Amino acid sequence: MDNRSSVLHLATFEAPYPVLVLIFSLCLAMYLTMTAANLLVLLMVAVSTDLHKPMHIFLCNLAIGDIIISTGGLPKQLQVLLTGNREILYVSCVAQMFTIHISALNEIFTLAMMSVDRYLAICYPLQYHTKVTAKRSILLSLLSWLIGIVSVSIQIILLLSLQLSEKNRQIQGIVCDNMGIFKLAVGDTSQMDAYLTSKVVVFVVSPFCVIVYTYVRILVECKNSSSSEFRGKALHTFGTHFMALAVFFTALFLDILLLRFVKDVDSEGARNLRSAAQLVFLLSPLANVLIYCLRTTELRLTISKHFKKISRKVHFCPKIKVHGLGCGLNYA
């Protein structure tokens, strides 16, 4: 059978229908909130010249990736939860995997770049503005997408060359990922296995090591500093980035490792555990945007200022008459 015309099945949550409807409602609310919040961040940075800084450019890159990750996986899962129809075309499955994996790699690279940015800002404040510029930040952000597209494209080419099992067509989890499809392959898969392992080492472990190094250097700098004000600001910045990082990498490593170590994938408990881990990963962008909106002072004040300005325009209604009509809004 041609893989492109075949139908796969998502092994999603096993629960009574009322429970699935509850999960659907929560996921829909969180997805809409996350999308709106990330779009708000993008809008605020775009219209506010005060936010045209490297850190906020990286934050925008993170927001774009967050929207794509959730949009790539959640709408299909919402349909499955509501209708119970778990079928997905193989080509749709590959497309879903393509978008999610590219966005996930971009997120990893962006978090690594943000950690280096904070390291330079805290440890080399005098040289920071010459080393880190808005133009370089934009180029690095575009480069992260390019690397993700190239690496995942190679993965897709290798994946499409594999023949799927005729008997087993069930993807373990709520979304299509490389391991889920890889486990359905028959024949020689050594080449694909080697590429996936090297991909994890190069594009996940290596950036994670860079992040750990910058964090250690930041903590050492804070410990050696005699200024309590400097330590307070540095640790606040460090804490904000660390919380976003912890949420993402915890969800990522759970998603990567769970399928490799849970052998009894056909049991209801294992299936729900796998689905929950993937759901946490798809919803982790909500934590990112909330953390940065609440803890980044410049961004929070900019959002507050714009909302106050809009509120004043809406409520300000001068008592004038135009051709017998009542008062109108003043948008000057």
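Colleague: Which residue in β4 is the bridge partner of Ala11?

Modeller: Gln172 is the bridge partner of Ala11 in β4. Before we go on, some ground rules. This is a predicted model, where local features need pLDDT of at least 70, side-chain atom pairs count only at pLDDT 80 or more, and totals for chains, interfaces and linings use all residues. Residues are numbered from 1 along each chain as its sequence is written, and side-chain values use heavy atoms, with hydrogens and water left out.

Colleague: How do I read strand pairing, and in which sense do β1 and β4 pair?

Modeller: Strands (E, at least two residues) and helices (H or I, at least four) are DSSP runs, numbered from the N terminus. Two strands pair if DSSP finds at least two bridges between them. Here, β1 (residues 7–11) and β4 (residues 170–172) run parallel, over 3 bridges.

Colleague: What is the sense of the pairing between β1 and β2?

Modeller: Antiparallel, over 3 bridges, with β2 covering residues 87–89. Val7 has Leu89 as its bridge partner in β2.

Colleague: Next, charges. How many salt bridges does a search of the whole structure find?

Modeller: First the general idea. Side chains of opposite charge can pair when their charged atoms come close. The cut-off: a side-chain nitrogen of Lys or Arg within 4 Å of a carboxyl oxygen of Asp or Glu. The search of the whole structure finds 2 salt bridges. One of them joins Glu14 and Arg86, at 3.1 Å from N to O. Glu14 sits in the loop between β1 and α1 (17–47), and Arg86 in the loop between α2 (54–83) and β2, so this pair ties together parts that are 72 residues apart in sequence.

Colleague: Are Glu14 and Arg86 buried, partly exposed or exposed?

Modeller: Buried means under 20% relative accessible area, exposed means over 50%, and partly exposed lies in between (1.4 Å probe, protein chains only). Glu14 is partly exposed at 25%. Arg86 is partly exposed too, at 23%.

Colleague: Which residue forms a salt bridge with Arg118?

Modeller: Asp117 does, and the closest N and O atoms are 2.5 Å apart. Arg118 counts as buried because its relative accessible area is 16%. Asp117 is buried as well, at 2%.

Colleague: Now the surface. Which residues form the positive patch?

Modeller: Patch rules first. Members have over 30% relative accessible area and no salt bridge; like charges are joined within 9 Å, nonpolar side chains (Val, Leu, Ile, Met, Phe, Trp, Tyr) within 5 Å. Lys and Arg count as positive and Asp and Glu as negative, while His and the chain ends are not counted. A charge is placed at NZ of Lys, CZ of Arg, CG of Asp or CD of Glu. Here the positive patch consists of Lys305, Lys308, Lys309 and Arg312. Lys309 belongs to helix α10 (residues 297–315). Lys309 is partly exposed at 37%.

Colleague: And how much accessible area does the nonpolar patch have together?

Modeller: About 470 Å², from Leu140, Leu143, Leu146, Ile147, Val150 and Ile154. Accessible areas come from the Shrake-Rupley method with a 1.4 Å probe, and for residues only the protein chains shown count as cover. Ile154 lies in helix α5 and is partly exposed at 39%.

Colleague: Leu142 is in helix α5 too. Is Leu142 buried or exposed?

Modeller: Exposed, at 54% relative accessibility. Helix α5 spans residues 134–160. Leu142 and Asn61 are 81 residues apart in sequence, and their C-alpha atoms are 8.8 Å apart in space.

Colleague: What about helix α7: where do Val210 and Thr214 stand, buried or partly exposed?

Modeller: Helix α7 covers residues 190–224 and holds Val210. Val210 is partly exposed at 38%. Thr214 is buried at 2%. Its C-alpha is separated by 9.7 Å from that of Cys123, 91 residues apart along the chain.
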